[in-house]
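Hi,

Here is the structure I promised to pass on.

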Amino acid sequence: MMLEITNIHKSFGENEILKGVDLKIEKGDVVVILGPSGSGKTTLLRCINFLEKADQGHAIFGDIDVNLKTASKKAIHGIRQKIAFVFQNYNLFNNKTALENVTEGLVIGRKIAKAEANEIGKKALDKVGLSEKYNAYPIELSGGQQQRVGIARAVALNPDIILFDEPTSALDPELVGEVLTVMKQIAKEGTTMLVVTHEMSFAKDVANRVIFMDAGVVVEEGSPKDIFVKPKEERTRKFLKRVLPEDYIFYI
Amino acid sequence: MSEGLDYKFLVETFFVALSGVPTALFITIVALLVALPLGFLLALTRINQFPVLDRVAQIYVSFVRGTPVIIQIFIIYSSVPLLLASIFEKYNIEMNVYDVNPIWYAFIVFSLNTTAILIEVFRSAISTVSKGQLEAAYSVGLTNVQAFRRIIIPQTLVVALPNICTATVNLIKATSLGYALSLQEITLRAKVAANVGYNYVEAYIDIFLVYLILCSLVEYLFKLYEKRLSRYRAVGI
């Protein structure tokens with residue numbers, strides 16, 4: 001088991017967003033979390049990376065075993081070294097070029113020599129199809145290109161797992177494809193991924209496991225076939241009916 | 001009186017006024033060295049609504065902004081010596097408080113004053129840098145200090161620079177109030193020179209010119225620096 005989260009709770013004020021979620025991820029898994037907005041998907045991802053502090057919960061991450069509420073700074077730093085994060089709004093460093101965005105974590109966070117980091121960074125940018133844009137600043141890039149830099153920044157760290165928080169939700173529809181293509185490619189290379197998305201095609205074609213969340217709990221989980229073709233729970237069926245076109249037929 | 005301006009005096013006094021520039025700049029630089037880091041830190045306490053400190057900073061800003069600098073000078077100049085005298089007495093330090101160089105009072109007043117102005121400047125500038133970039137910095141393994149030094153502060157500075165420039169120019173001009181502390185700065189030197197022959201008009205023109213040249217130069221330097229810092233913003237716009 002690479003990542004195991006148990007009984008994670010999180011409230012914002014009176015509003016309980018996560019009500020005891022468990023999650024297990026094996027090496028090489030591509031897990032997609034589906035669910036209506038407000039169901040806690042993003043909060044779950046953010047709690048795993050300590051961008052939000054969970055109110056309760058436990059995580060085992062390789063050799064690190066922590067309480068999500070009381071984790072020390074050192075433990076948090078250690079876990080963040082193993083996890084990379086791709087944000088909905090890209091969150092590129094606006095004062096850095098594409099290449100500097102990718103190498104920042106390597107040079108400053110991991111103390112890798114600059115020349116070596118540049119090599120790694122260029123390779124990561126090549127992989128996402130941005131060989132021409134090493135020295136472009138974020139403001140010069142389209143949304144799709146920015147998100148691909150965001151993915152390159154995550155890949156370059158060579159993390160154990162990459163968390164994707166609705167990576168295509170902020171994009172113009174015609175730019176979604178280029179980002180999904182890159183994500184499919186890195187999934188094919190064996191990268192462990194945990195993806196929150198509304199892209200059903202990605203869940204169907206790429207994921208080996210789909211989790212359906214609603215109102216702060218995991219309603220059901222299984223293979224894409226389990227979830228899309230023969231969902232057990234009424235809530236899942238209702239959700240799928242809402243998000244999928246009526247004549248949508250699954251061929252798996 | 002009827003012969004118009006005394007050009008010889010005008011030129012001579014220009015250089016007298018000019019000789020006060022180092023004092024004015026010295027006060028300005030000390031005030032900025034104190035106020036830039038302090039203003040930034042206190043701006044952070046305001047943004048993060050850090051308990052107590054946040055309120056203290058808020059009250060401090062309204063006190064400083066709501067009172068004239070000259071009154072702040074009078075208050076510091078009259079109260080600090082009393083305070084020092086009692087401290088000296090208590091610890092048996094053999095020192096006359098009236099021997100203290102008045103430039104120290106200028107340092108105190110202008111540092112306090114500029115800090116208050118920069119708190120507000122930084123507060124608005126920091127909030128223009130998205131919180132997401134800070135999260136991204138954490139997610140690639142940067143510590144808090146690294147994230148601020150490499151990502152947040154450089155971008156904050158670019159946004160804040162025009163306002164820091166304004167604050168600096170205001171500060172330089174405000175050092176003219178140092179004459180109330182008998183500081184040998186631009187205004188006092190020219191005025192003293194004018195006292196001899198009552199050539200006040202010439203002296204005031206000189207003072208006017210020296211501040212104008214000094215402030216224009218500072219503005220120009222800020223513009224250059226801003227251009228250099230904001231490369232990443234200029235390209236796309």
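F164(A) has V195(A) as its bridge partner in strand 8 of chain A. Before I go on, the ground rules: this is a predicted model, in which local features need pLDDT of at least 70 and side-chain atom pairs count only at pLDDT 80 or more, while totals for chains, interfaces and linings use all residues. Residues are numbered from 1 along each chain as its sequence is written, chains are lettered from A and ligands numbered from 1 in the order in which they are written, and side-chain values use heavy atoms, with hydrogens and water left out.

Back to V195(A): V32(A) also has V195(A) as its bridge partner in strand 8. Strand 7 (residues 161–165) runs parallel to strand 8 and is joined to it by 4 bridges. Strand 3 (residues 30–34) is parallel to strand 8 too, again with 4 bridges. (Strands pair if DSSP finds at least two bridges between them; helices are DSSP runs of H or I with at least four residues, strands are runs of E with at least two, and both are numbered from the N terminus.)

Which way do the side chains of strand 8 point? M193(A) and V195(A) go one way, L194(A) and V196(A) go the other, and all are buried. Buried here means under 20% relative accessible area, exposed means over 50%, and partly exposed is in between (1.4 Å probe, protein chains only).

**The two chains**

Chain A has 9 helices and 10 strands. Its radius of gyration, taken over C-alpha atoms, is 18 Å, close to the 18 Å from the globule rule for 252 residues, so chain A is as compact as a globular protein of that length. (The rule is 2.2 Å times the number of residues to the power 0.38.) The C-alpha atoms of chain A fill a box of roughly 55 × 45 × 35 Å along the principal axes.

Chain B has 10 helices and 0 strands, and its C-alpha box along the principal axes is roughly 75 × 55 × 30 Å.

Here are some numbers for each chain:

- Burial: 56% of the 252 residues in chain A are buried; for chain B it is 45% of 237 residues.
- Contacts (heavy atoms within 4.5 Å): of those with a separation of 6 or more, residues 24 or more positions apart account for 63% in chain A and 81% in chain B.
- Accessible surface (Shrake-Rupley, 1.4 Å probe; for residues, only the protein chains shown count as cover): about 11200 Å² for chain A, with 47% from carbon and sulfur atoms, and about 13200 Å² for chain B, with 68% from those atoms.

**Loop residues to look at**

Y90(A) sits in the loop between strand 6 and helix 3 of chain A. Its phi is near 65 degrees, a positive value in a residue other than glycine. At 12% relative accessibility, Y90(A) is buried.

T97(A) lies in the loop between strand 6 (83–86) and helix 3 (98–109), and at 8% it also counts as buried. Leaving out residues up to four places away in sequence, T97(A) touches Y134(A), N135(A), A136(A) and Y137(A).

In chain B, Y198(B) is in the loop between helix 8 (186–197) and helix 9 (200–229). Phi of Y198(B) is positive as well, near 55 degrees. Y198(B) is exposed, at 64% relative accessible area. For context, most residues other than glycine have a negative phi.

Cheers
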